[in-house]
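Please look over the sequence and the three-dimensional view before reading on.

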Amino acid sequence: MKAKVYFFPRRRPRVSFENQVRKAARKIIPAVVSSGDLVGIKVHFGEEGNTAFVPPYLVRVIVEEVEKAGGKPFLFDTNTLYRGSRENARDHILLALRHGFSFETTGCPVIIADGLRGKDYVEVEIKGKHFEKVRLGSLIKQMESCIVVSHVKGHSSTGFGGAIKNISMGFASRSGKQQMHSDVKPVVNEEKCIGCRSCIEWCPVNAISLTMKNRAFIDQNICVGCGECRITCPEEAIDISWETTPVLLQEKMAEYALGSVALLKGKIGFLNFLINVTPDCDCWEWSESYLVPDIGVLASLDPVAIDQASCDLLNKEWQKSGGKDIWKDIYPQIDWSIQIAHAEKLGVGTRDYVLIEE
């Protein structure tokens, strides 16, 4: 059976885009939100200096529709693995406020799903190629339904990011992000290590000990590559390797997406925004020029279908200026479709969809 993807164009004559977003939200919210539900609205607040993220005044429209359905909405995201403005909940919330995601603007609070330092997670069992368990922010297990708001844009490691990336990287705890990003286990920089033992206390498999020089040592035969030590170290003495291939990274993302939809058990809907489409992720502290004119917003209950439809619409617009494949033209070394294909193979959703223009 084909998945339904609803399309609300940005450039509809004499129709405000806020109204299009409201119509899109109404296509999915009644299907996933029950009266009294605590409803998480997954957003990306943008890194400090970024301006391409979905703006808070559009997020407020979604909040209002959740409330009309009887839900109790809140905005959420998870902390970042890298050092920056969103690596802990305190700084993350302040950044959200600076970017306009205040209670006055959106009408609901901001909560960080994996806790103060990104250590609060639940493990979800899956049957994947790379993982048997995935680590998601603990808040996600506690919410009763979820609306995923994704800004579709390019990405230098995965070709593009949409709904699948938002429920994989965006739902994962910091150690979960480490598992997806790196196939190389962490190593201690002895020049920075002060022998404080913080990493030893947090290691889940007792892979770390102190040497005679009072420096931490990670036994690579025991280490599972979870990244808890790197997150914990106050001296940044544990190096992280970002050396992985686009294929592995995208497959791992798809498996985390599988864990996310399994945890929410059908109580999840998706809105993809094809506006402010840039070559790079909103995690950068700047935004480049937009690649195509704003196209609109999509709504679906299927994350695979909505991502495939998003890329198809972007390619249709891209080809008007002589391009062939928007993401392959920008990142020729990356096959962006791997995340979609692997997610479909795992049963996260289907690439076979019908586009319904409203």
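## A nonpolar surface patch

On the surface, V205, I222 and V224 form a nonpolar patch with about 210 Å² of accessible area together. Patches here are made of residues with over 30% relative accessible area and no salt bridge; like charges are joined within 9 Å, and nonpolar side chains (Val, Leu, Ile, Met, Phe, Trp, Tyr) within 5 Å. Accessible areas come from the Shrake-Rupley method with a 1.4 Å probe, and for residues only the protein chains shown count as cover. V205 lies in the loop between α8 (198-202) and β11 (208-210) and is partly exposed, with a relative accessible area of 32%.

## Basis of the model

This is a predicted model, in which local features need pLDDT of at least 70 and side-chain atom pairs count only at pLDDT 80 or more, while totals for chains, interfaces and linings use all residues. Residues are numbered from 1 along each chain as its sequence is written, and side-chain values use heavy atoms, with hydrogens and water left out.

## Overall form

The protein chain contains 13 helices and 16 strands; helices (H or I, at least four residues) and strands (E, at least two) are DSSP runs numbered from the N terminus. Its radius of gyration is 20 Å, close to the 21 Å that the globule rule gives for 358 residues, so the chain is as compact as a globular protein of that length. This radius is taken over C-alpha atoms, and the globule rule is 2.2 Å times the number of residues to the power 0.38.

Of the 358 residues, 59% count as buried. Buried means under 20% relative accessible area, exposed over 50%, and partly exposed in between (1.4 Å probe, protein chains only).

## An enclosed helix

Eight of the eight residues of helix α7 (residues 174-181) are buried, so this helix is largely enclosed by the rest of the structure. The cover over these residues includes β5 (121-125), β6 (133-137), α9 (228-232) and α10 (246-264).

Helix α10 also holds E255, which is buried, with a relative accessible area of 0%. Leaving aside neighbours within four places in sequence, E255 is in contact (heavy atoms within 4.5 Å) with residues including I126, F131, V134 and H342. The C-alpha atoms of E255 and H342 are separated by 8.1 Å, although the two residues are 87 apart along the chain.

## Salt bridges

How many salt bridges does the structure hold? There are 19, each defined as a side-chain nitrogen of Lys or Arg within 4 Å of a carboxyl oxygen of Asp or Glu. One of them joins E357 and R12, with the closest N and O atoms 3.4 Å apart. E357 lies in strand β16 (residues 353-357) and R12 in the loop between β1 (3-9) and α1 (17-32), so the pair ties together parts that are 345 residues apart in sequence.

R22, R26, R60, E64, E65 and K68 are linked in a network of salt bridges. R60 and E64 form another salt bridge, with the closest N and O atoms 3.2 Å apart; both residues lie in helix α2, four residues apart, about one turn of the helix.
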